[in-house]
Amino acid sequence: MSTLEKAIGLLQRMPEHKLETIYTYMRFVDSQIDNADSASTEKNDTDSIARKRKGFQGLLSFAGTLPEDFDYKKELEEAREEKYAHFI
């Protein structure tokens, strides 16, 4: 089984809120690949990979931090009311 097939299988089993984090990270890595093509030394590539890993671990630390019954629409509405109520 290829790495791509393994990754797809894992993604298919993940809940939606975790997929958003993974998708954001994949877009970040994809944008960095274009920039990495211009890097000329192996040391820069190694530092870049370490930085990306550290960033990814930071992103993963946010996964699953909200309760299952979290209603973002309700939270957003309450925050808007609190912030902009004095304008009405």
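## Burial of Y25

Y25 is buried, because its relative accessible area is 18% (buried means under 20% relative accessible area, exposed over 50%, and partly exposed in between, with a 1.4 Å probe and protein chains only). The model is predicted: local features need pLDDT of at least 70, side-chain atom pairs count only at pLDDT 80 or more, and totals for chains, interfaces and linings use all residues. Residues are numbered from 1 along each chain as its sequence is written, and side-chain values use heavy atoms, with hydrogens and water left out.

## Overall fold and confidence

The chain has four helices and zero strands, in the order α-α-α-α along the sequence. Helices (H or I, at least four residues) and strands (E, at least two) are DSSP runs, numbered from the N terminus. Of the 88 residues of the chain, 9% count as buried. The chain exposes about 8000 Å², and carbon and sulfur atoms supply 56% of that area (Shrake-Rupley method with a 1.4 Å probe; for residues, only the protein chains shown count as cover).

The mean pLDDT of the chain is 82, with 85% of its residues at 70 or more; pLDDT is the predictor's confidence in each residue, from 0 to 100. Among the elements, α2 has the lowest mean pLDDT (79) and α4 the highest (91). Where pLDDT is low, the predicted coordinates should not be read in detail.

## The aromatic pair

One aromatic pair is found in a search of the whole structure. Its ring centres, those of Y25 and F56, are 4.2 Å apart and the planes stand at 45°, so the pair is tilted. Rings of Phe, Tyr and Trp (its six-membered ring) pair if their centres lie within 6.5 Å; planes under 30 degrees apart count as stacked, over 60 as edge-to-face and the rest as tilted. Y25 belongs to helix α2 (residues 16-36) and F56 to helix α3 (residues 42-60), so the pair ties together parts that are 31 residues apart in sequence.

K52 lies in helix α3 and is buried, with a relative accessible area of 14%. Apart from neighbours within four places in sequence, K52 is in contact with Y25, F28 and Q32 (contact means heavy atoms within 4.5 Å).

L11 is found in helix α1 (residues 3-13) and counts as partly exposed at 28% relative accessibility. With neighbours within four places in sequence again left aside, L11 is in contact with L19 and I22. The C-alpha atoms of L11 and I22 are separated by 8.8 Å, and the two residues are eleven apart along the chain.

## A nonpolar surface patch

L66, F70 and Y72 make a nonpolar surface patch of about 340 Å². Patches are made of residues with over 30% relative accessible area and no salt bridge; like charges are joined within 9 Å, and nonpolar side chains (Val, Leu, Ile, Met, Phe, Trp, Tyr) within 5 Å. A salt bridge is a side-chain nitrogen of Lys or Arg within 4 Å of a carboxyl oxygen of Asp or Glu. L66 is placed in the loop between α3 and α4 (72-84) and is exposed, with a relative accessible area of 52%.
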